Amino acid sequence: MKEQNLLIPRRDLLKVTGSAFGALYLGGCGSSQFEEEIYKVASPLNEKVESIFFNAQKVSQFPKSAIEPEGLLINTAEDNTPDLKLDDFRLVVDGLVEKPLSLTFKEIKEMPFYSMIIRHVCVEGWAAVVAWGGVRLRDLAARAKIKPVARFAFFESAGGTYYESWDLASALHDQTLLAFEKNFAPLPRDNGGPLRLASPVKLGYKLSKWVVRVSFLAHLPAHKGYWEDQGYEWFAGL
Ligand SMILES: Nc1nc2c(c(=O)[nH]1)N[C@H]1C(S)=C(S)[C@@H](COP(=O)(O)O)O[C@H]1N2
Ligand SMILES: [Mo]
């Protein structure tokens with residue numbers, strides 16, 4: 001397993017920003033009003049957006065000493081905590097990709113490994129500095145050969161209760177991981193083990209636990225997210 005540093009040169013960040021802009025700027029025909037609004041905000045001609053993206057690409061990292069081992073409170077909407085057996089586990093990556101994937105846990109662990117120490121923020125009024133380790137969603141998207149028409153990522157959690165959709169730029173951020181480690185140990189089941197989203201650019205409710213499927217989409221589905229469909233904000237950026 002190759003460990004890589006998340007503190008990457010700024011010109012690489014800008015390269016990523018550029019491609020994220022490109023991806024968001026494509027398409028647009030037949031979109032819903034909601035998508036049009038996002039599209040407007042994401043226009044590369046809009047300066048406000050540049051600052052949004054610049055912030056989005058800012059690398060976040062806390063020192064090890066800042067980790068709050070008891071800080072991450074369990075927040076689970078499911079009636080039953082999914083109990084996924086590692087041997088049967090598959091992560092499906094599909095939608096607008098040239099090569100749909102169905103990866104075993106072993107195959108995921110063989111991908112380049114990234115770790116980061118970031119703050120998790122829950123809208124319910126608590127936060128915790130946590131170390132996460134896992135694979136970048138960007139790398140999964142690249143491996144599946146994401147098509148340029150994709151503008152959103154949709155995440156399905158095991159059991160069918162929880163689902164989330166993200167803008168592609170946030171999904172492909174360097175620090176958006178599908179994590180299988182928390183604080184340098186295997187991700188506990190209550191925290192979404194074997195695989196969950198972790199990212200410094202989104203609020204807690206966007207960070208789906210027990211992720212089993214990532215679909216890249218050109219349009220947002222009618223159901224945007226478990227909490228969003230009950231009135232919470234969709235973008236939920238940090
Ligand atoms: N599948 C699933 N993912 C989820 C949730 C959930 O209820 N179900 N809660 C979200 C919320 S509101 C937060 S704050 C974090 C909490 O993560 P934790 O339970 O590992 O602390 O997970 C997010 N991901
Ligand atoms: Mo939350």
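Okay, let's start with the surface: the protein chain exposes about 11,300 Å², and carbon and sulfur atoms supply 54% of that. Accessible areas here come from the Shrake-Rupley method with a 1.4 Å probe, and for residues only the protein chains shown count as cover. Before going on, the housekeeping. This is a predicted model, so local features need pLDDT of at least 70 and side-chain atom pairs count only at pLDDT 80 or more, while totals for chains, interfaces and linings use all residues. Residues are numbered from 1 along each chain as its sequence is written, chains are lettered from A and ligands numbered from 1 in the order in which they are written, and side-chain values use heavy atoms, with hydrogens and water left out.

So, the overall fold. We have 6 helices and 11 strands in the protein chain; those are DSSP runs, H or I of at least four residues for helices and E of at least two for strands, numbered from the N terminus. Of the 238 residues, 50% count as buried, where buried means under 20% relative accessible area, exposed means over 50%, and partly exposed is in between, again with a 1.4 Å probe and protein chains only. On contacts, meaning heavy atoms within 4.5 Å: take those with a separation of 6 or more, and residues 24 or more positions apart account for 71% of them.

Now the ligand. There are 20 residues around ligand 1, and the ones that come nearest are Leu73, Ala77, Asn191, Arg196 and Lys209.

Look at the polar atoms next. An oxygen of ligand 1 is 2.4 Å from a polar backbone atom of leucine 73, and an oxygen of ligand 1 is 2.6 Å from a polar backbone atom of alanine 77. Then there's a nitrogen of the ligand, 3.4 Å from an N or O atom in the side chain of serine 157. How much of ligand 1 does the protein bury? Taken alone the ligand exposes 530 Å², and the protein buries 98% of that.

Asparagine 191 deserves a slide. You'll find it in the loop between β9 (185–186) and β10, and asparagine 191 is buried, with a relative accessible area of 4%. Its side chain joins that of lysine 182 in a polar contact of 3.0 Å. A polar contact is a pair of N or O atoms within 3.5 Å; within protein, one must be able to donate a hydrogen and the other to accept it, and residues adjacent in sequence count only if both atoms are side-chain atoms. Leaving out residues up to four places away in sequence, asparagine 191 touches Leu72, Ile74, Lys182, Arg196 and Lys209.

On to charges. Side chains of opposite charge can pair when their charged atoms come close. A search of the whole structure turns up 11 salt bridges, each a side-chain nitrogen of Lys or Arg within 4 Å of a carboxyl oxygen of Asp or Glu.

One of them pairs arginine 136 with aspartate 174, at 3.0 Å from N to O. Arginine 136 is in strand β5 (residues 126–136) and aspartate 174 in the loop between α6 (168–171) and β8 (177–182), so this pair ties together parts 38 residues apart in sequence. Arginine 136 is buried at 10% relative accessibility, and aspartate 174 is buried at 1%.

Glutamate 156 and arginine 213 also meet in a salt bridge, at 3.4 Å from N to O. That pair links strand β6 (residues 152–157) to strand β11 (residues 211–217), 57 residues apart. Buried or partly exposed, these two? Glutamate 156 is partly exposed at 28%, and arginine 213 is partly exposed at 31%.

Next, lysine 202 and aspartate 167, with the closest N and O atoms 2.8 Å apart. Lysine 202 is in the loop between β10 (196–198) and β11, aspartate 167 in strand β7 (residues 163–167), 35 residues apart. Lysine 202 is buried at 1%, and aspartate 167 is buried at 4%. Elsewhere, salt bridges that share partners join Arg136, Arg138, Asp139 and Asp174 into one network.

Technical notes
A residue is near a molecule or strand if one of its heavy atoms lies within 4 Å of it.
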